[in-house]
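Welcome! Have the sequence and the 3D view ready, and try each task before you read its solution.

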Amino acid sequence: MKAGGGRKERQVLILFLLLGVALAGWDAGRYFVLEETESSSFVADLIKDLGLGVEELAQRGARVASEDNEPRLHLDQQTGKLLLNEKLDREELCGPADPCVMHFQVLLKKPLEVFRAELLVGDINDHSPEFPEKEMTLKISENSPPGTVFLLKKAQDLDVGINNIQNYNISPNFHFHVSIRNQGDDRKHPELVLDKELDREEQSEFRLTLTALDGGSPPRSGTAKIRVLVMDVNDNAPAFAQTLYEVQVPENTPLGTLIVKVSARDLDIGTNAEISYSLYSSQEIGKTFELSSSSGEVRLIKLLDFETIPSYELDIEASDGGGLSGKCSVSIKVLDVNDNSPEITISSLISSIPENSPETEVALFKTRDRDSGENGKMVCSIQDDIPFALKPSVENFYRLVTEGALDRETTAQYNITITVTDLGTPRLKTQHTITVLVSDVNDNAPTFTQSSYTLSVPENNSPALHIGSVSATDSDSGTNAQLTYSLLPPPHDPLPGLASLVSINADTGQLFALRALDYEALRAFEFRVRATDRGAPPLSGQARVRVRVLDANDNAPFVLHPLQNASAPCTELLPRAAQPGYLLTKVVAVDADAGQNAWLSFQLLQASEPGLFSVWAHSGEVRTARPPGERDAPRQRLLVLVRDNGQPPLSASVTLHVLLVDGFSQPHLPGPEAAAERAQADPLTGPLVVALASVSSLFLCWLLLFVALRLCGRSGRAALPGCPAPEGPFPGQLLDVSRAGTLAHSYQYEVCLTGDSQDNEFQFLKPAFPNILGKDSGRKSDGNPNFQNNLGM
C-alpha cells in the first residue's frame with residue numbers, strides 16, 4: 001500500500017510538471033483549454049492580446065474562423081473575449097495525436113488582417129484502459145528458462161499523455177511478473193516475464209489477471225484474464241524474414257487489396273513447425289486491415305483516407321504449434337490522391353452595392369483543398385465579362401472587388417460565379433455563384449415644374465385658406481424619389497414672420513395662408529419653396545413663389561383736416577364781404593385702400609344755411625355759393641360726408657364751424673365762461689409747462705420727419721405744401737388760415753394754427769397711414785385720432 005501511494009504521488013507530480021512545461025512554452029498566439037469544458041467558458045482576451053479596443057474590434061468586423069469551418073469558438077463583440085461555443089472532445093478532435101492543437105484565425109477587416117492562433121486542447125482522464133480481448137491464452141514451453149519474455153496484448157486508452165496507460169501489473173504468483181517495454185512511439189507494451197522454471201507435470205495451466213493503469217488522478221484501470229498453458233519442449237521459435245515491413249498504399253485502394261504478406265520460418269518439424277499469424281494492434285487497425293492467420297497476408301477491409309489517418313503501424317506475431325512465437329512490425333504509409341474537391345468558405349458578403357461607388361469589397365472568402373502536394377494547390381477565377389476582380393490575400397483568402405463605378409440604370413444585377421480548380425490529376429473544381437444587386441443612389445435632384453409661381457389671395461381671407469400648389473419631380477426611385485416640401489425666405493430680402501403668413505404641406509406641396517392678410521399692411525411678398533428628396537445625402541431643388549394680396553374695401557375714409565376736437569374745435573373765419581366761390585377751407589381725407597376703393601368723393605350733408613356753401617365733389621374744397629347776407633347767422637355749422645368708391649362704399653363725416661366776421665376787424669374772442677374753464681383745466685405751474693412744451697416740441701419734430709419720409713416712400717416726391725399765410729392782418733392774438741392748399745390725393749396731412757385761444761394753442765393733425773392706423777379707427781366717422789400740444793406763453 002505504501003508503494004502504491006508513492007506511485008500515485010509521483011504521477012500527480014509528473015502531471016503538474018508536464019502542464020507547467022506546456023504552458024511555459026506558449027506565446028501570445030497559443031491558448032489552452034481542457035476538453036469537456038462547459039460551453040461559453042473563457043478562452044482568451046483578444047483585446048489584450050491583439051492590442052485593440054472593443055469599439056475597433058467591432059468596427060473591423062472581427063470574427064473567428066477555424067480550419068475545419070466548425071463553429072467551436074465564439075468571439076463576444078461587446079467584451080472581446082474568446083469563448084467556447086461547445087464542449088470539446090479531444091479524442092474526437094485529434095484521436096491519438098498529442099498534443100491536440102486546433103488551429104484558428106482571427107479575421108479583421110478595413111484593412112484585412114489575419115491573426116493565426118492555436119488552441120491546445122488538454123486531455124482529461126475520461127477513458128479507462130481497455131484490452132482488445134477479455135482473456136488471453138499463452139502457451140509456454142516447460143523448458144523456457146527464467147527471464148523468458150512473452151508478448152501480451154496491450155490495452156488501449158483513448159486518453160493521451162499522463163492520462164494514458166502508465167503501468168501494468170499482474171495478480172500475485174510465484175512464476176511470472178509483468179515488465180513494460182517502451183517503443184519509440186512512447187507506447188508501453190506489457191510483457192510476461194518468467195521468474196521460475198515451469199514444470200508441466202506439476203502445474204500445466206496458470207490463470208492470471210493483468211491490470212492496466214493510467215496516470216490520471218484518480219487513475220483508471222482495465223483488466224484482462226491470462227491463461228497460461230505449459231507446453232512440451234519446443235526449442236525453435238518462428239522467425240520473420242524481416243523484422244520491419246514498409247509499405248506505401250494509395251488512399252483510393254479498393255477493398256480486399258493485398259497490402260503486404262509477412263512470412264516466418266520455424267526450424268522445428270511437425271506441430272512445432274506449424275505457424276499461425278496474429279495481429280496485435282488497436283481496434284481501429286483491426287477494423288481497417290485483416291490478417292490471414294495461415295498465409296500472413298494483410299488485406300484492406302476498410303477504405304483509407306489520407307486526410308484522416310496518413311499512416312498505420314501493425315504488430316504481427318507468428319506462433320508455432322509448440323507455443324513459441326516471433327514478432328515483426330509493418331509500417332503502412334497512405335499516399336494521397338486527388339479525391340477532394342476544393343472548398344469555398346464565404347467569410348463576408350455584401351449583396352447590394354450602391355451605384356457610382358468606388359472600388360468596393362463585395363465578398364471575402366477562403367479556399368481550401370484537403371489534399372496535399374500538387375493535389376492541394378488551387379487556382380481561383382471568375383468570368384471575364386463583368387466589372388469585378390479577384391484579389392488574392394493571405395492564407396488562401398481572396399477579395400472580390402468591383403472594378404470602377406457601377407451603373408444601376410445599365411445593369412441592376414450581377415451573377416458572379418467563383419470557380420476554384422486544383423492542380424491534381426484529374427483536376428477537380430468547385431463553383432459558387434454570388435448574386436450582387438446594384439442599389440440606387442441619390443444622384444438626381446428634384447426639379448419643379450415651374451421655376452416661379454405667382455399666386456393671388458384676397459385680403460381678409462379666412463385662416464388656412466388654400467392659395468395654390470407647387471409640384472416637383474425626381475427621376476430617382478424608392479426613397480430617393482420621395483419628396484418633402486418646405487419654405488425658404490427670399491435670399492436677398494428676408495421676409496420676417498414668413499412662418500406666420502404661409503405654410504406648405506410637406507407631402508403634397510399645397511400652400512395655405514395661415515392668417516388673414518391685410519392689403520394695407522402687406523401688398524405682396526415673395527419666398528422660395530424647396531423640394532428635398534429622402535436620399536442620403538438629400539438633394540433639393542428650389543422655385544420662387546410670389547403671392548399678391550388683392551385689396552378689399554375694408555377701410556373707411558379718414559379725415560385729416562379739419563381736425564375734429566370736441567374740446568377746441570377749429571373754427572374757420574369767413575368775411576362777410578366774401579364773393580361767391582370764395583375758398584373757405586378744404587376737407588382733406590385719405591383712404592388706406594387702393595384703386596377704386598381709395599377714390600374719394602365729398603358731399604355736403606347739412607348746413608345752417610343750405611344755399612350759402614357748396615363742397616366740390618372731387619377736391620373737398622368748401623366754397624361760398626353766394627355772398628353772406630346780413631340775415632345769415634354769425635355762426636354756421638356744416639356737415640361734410642366723405643365716401644370712397646368701393647363695393648360696398650364706406651364713408652366718414654366731418655363737422656365744420658364757420659364764423660362770419662366783418663373784414664376780420666371783429667376778433668372772435670371767447671366768452672368769460674370759456675376763459676374760466678381754461679383756467680381751471682390748466683393748473684400746471686410754469687416750470688412744468690415749459691418741460692411739457694419741450695418734450696412735445698421734440699415729439700412733434702420727430703413725427704413731422706416720420707410723416708415726410710413715409711410720404712416720400714409711398715407717393716413719390718409729392719409736394720407737401722403748408723398752410724399759407726392768412727390774407728390780411730391778424731389783430732392781437734388772432735391767427736387764422738383763410739384757405740388750405742391743394743394736397744395730393746393720397747396720404748395728405750395739414751398743420752394749422754387756430755386763432756380762437758388766448759393760450760395760443762398749436763394744433764397738429766396726424767395723417768392717416770395704412771401701417772399706422774388700424775381698421776377700426778378708420779371706420780369711425782365721428783372720432784378722428786389727433787394729437788394736441790398746448791404751449792402756454
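This is a predicted model: local features need pLDDT of at least 70, side-chain atom pairs count only at pLDDT 80 or more; totals for chains, interfaces and linings use all residues.

Residues are numbered from 1 along each chain as its sequence is written, and side-chain values use heavy atoms, with hydrogens and water left out.

**Exercise 1.** Describe the protein as a whole.

*Solution.* 
- Step 1: Start with the elements; the protein has 9 helices and 52 strands. Both are DSSP runs numbered from the N terminus: helices are H or I with at least four residues, strands are E with at least two.
- Step 2: Turn to burial; of the 793 residues, 41% are buried, meaning under 20% relative accessible area with a 1.4 Å probe, protein chains only.
- Step 3: Look at contacts (heavy atoms within 4.5 Å). Among those with a separation of 6 or more, 68% link residues 24 or more positions apart.

**Exercise 2.** Which strands pair with strand S48, and in what sense?

*Solution.* 
- Step 1: Find S48 at residues 635-644, where 7 of the 10 residues are buried.
- Step 2: Recall that two strands pair if DSSP finds at least two bridges between them.
- Step 3: S45 (residues 600-607) pairs with S48 in the antiparallel sense over 7 bridges; here Ser601 stands opposite Arg643.
- Step 4: S49 (residues 651-661) also runs antiparallel to S48, with 9 bridges, and Leu641 stands opposite Ser653.
- Step 5: Trace the link from S48 to S49: a hairpin through 6 residues.

Notes
Buried means under 20% relative accessible area, exposed over 50%, partly exposed in between (1.4 Å probe, protein chains only).
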